[in-house]
Amino acid sequence: MTQIARDSLLSLEAYAKARKDFRARVIKHKKNRTLRLGEHVTLLFEDELTIRYQVQEMLRIERIFEDEGIQQELDAYNPLIPDGSNWKATMLIEYTDIEERQRMLAQLKGIETGVWIQVEGCDRVSAIADEDLERETEEKTSAVHFLRFELTAEMRRALQYGVGLAAGIDHPAYQACLDPVPANSRAALAEDLA
């Protein structure tokens, strides 16, 4: 698995100088790695660059410059980098109205386990959700979940050859299907696979 090493990070001063250009590069990069599933759910498929950006931003925001603090951030974020046989995604549940968001987060308990991807000609792959910690209470689900999709060797080979990809959500309170995933996004995700 690709890991971000401590010595590959920019210092706070160097990052301040490079941030504008780096941020623009990451925003452009994320466009092909972002899937909208219906009106209120977005999946952002992570990779080394997106996670590097998150780490650098956290160090900047929290003004972390000591080795121990930097290592804690790396320990928290490195597991979100895919390892060549899977995809890892941040799932965002987005409702602009606060009351609607609270009501829907209560109705959407368990939605994270209803997210799936499907490589053309293969079975659906359900998300493995929130391996780091529980993000749901008895009252509601979280607006952010971390998902992993494990792909078989057959699926990875098929994607390298350019077969189609679909993604969706099956939940009693929320259904969505993106079929096919746009070619630019499918190609970006296929590049993550060994």
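1. R148 and E150 pair in a salt bridge, with their closest N and O atoms 2.7 Å apart. This is a predicted model, so the distance is a computed one. R148 counts as buried, at 16% relative accessibility, because the cut-off for buried is under 20%. E150 has a relative accessible area of 30% and is partly exposed.

2. Salt bridges with shared partners also link R19, E57 and R60 into one network. The salt bridges come to nine by the rule applied here.

3. R33 and D47 form another of these pairs. Their closest N and O atoms are 3.7 Å apart. R33 sits in the loop between α1 (12–31) and β1 (34–37). D47 sits in the loop between β2 (41–45) and α2 (48–62).

4. Are R33 and D47 buried or exposed? R33 is buried, with a relative accessible area of 2%. D47 is buried too, with a relative accessible area of 11%.

5. R52 and E48 meet through their side chains in a salt bridge, at 2.6 Å from N to O. Both residues belong to helix α2. They are four residues apart, which is about one turn of the helix. R52 is buried, with a relative accessible area of 14%. E48 has 23% relative accessibility and counts as partly exposed.

6. The largest pocket has a volume of about 250 Å³. Its lining has 15 residues. Which of them are closest to the pocket centre? They are P79, L80, E131, D132 and F146.

7. Which elements give two or more residues to the lining of the largest pocket? They are helix α3 (67–77) and the strands β3 (86–93) and β7 (144–150).

8. The lining of the largest pocket can also be read by residue class. Eight residues are nonpolar, six are charged and one is polar. Among the residues closest to the centre are P79, L80 and F146, and these residue types count as nonpolar. E131 and D132 are also among the closest, and their types count as charged.

Note on methods
Residues are numbered from 1 along each chain as its sequence is written. This is a predicted model: local features need pLDDT of at least 70, side-chain atom pairs count only at pLDDT 80 or more; totals for chains, interfaces and linings use all residues. Side-chain values use heavy atoms; hydrogens and water are left out. On a 1 Å grid over the protein atoms alone, a cavity is a set of points where a 1.4 Å probe fits but cannot get out, and a pocket is an open set with protein on both sides within 12 Å along at least five of seven lines; lining residues have an atom within 4 Å of a point. Grid points are joined across faces, edges and corners, and a volume is the space filled by probe spheres set on the points. A salt bridge is a side-chain nitrogen of Lys or Arg within 4 Å of a carboxyl oxygen of Asp or Glu. Buried means under 20% relative accessible area, exposed over 50%, partly exposed in between (1.4 Å probe, protein chains only).
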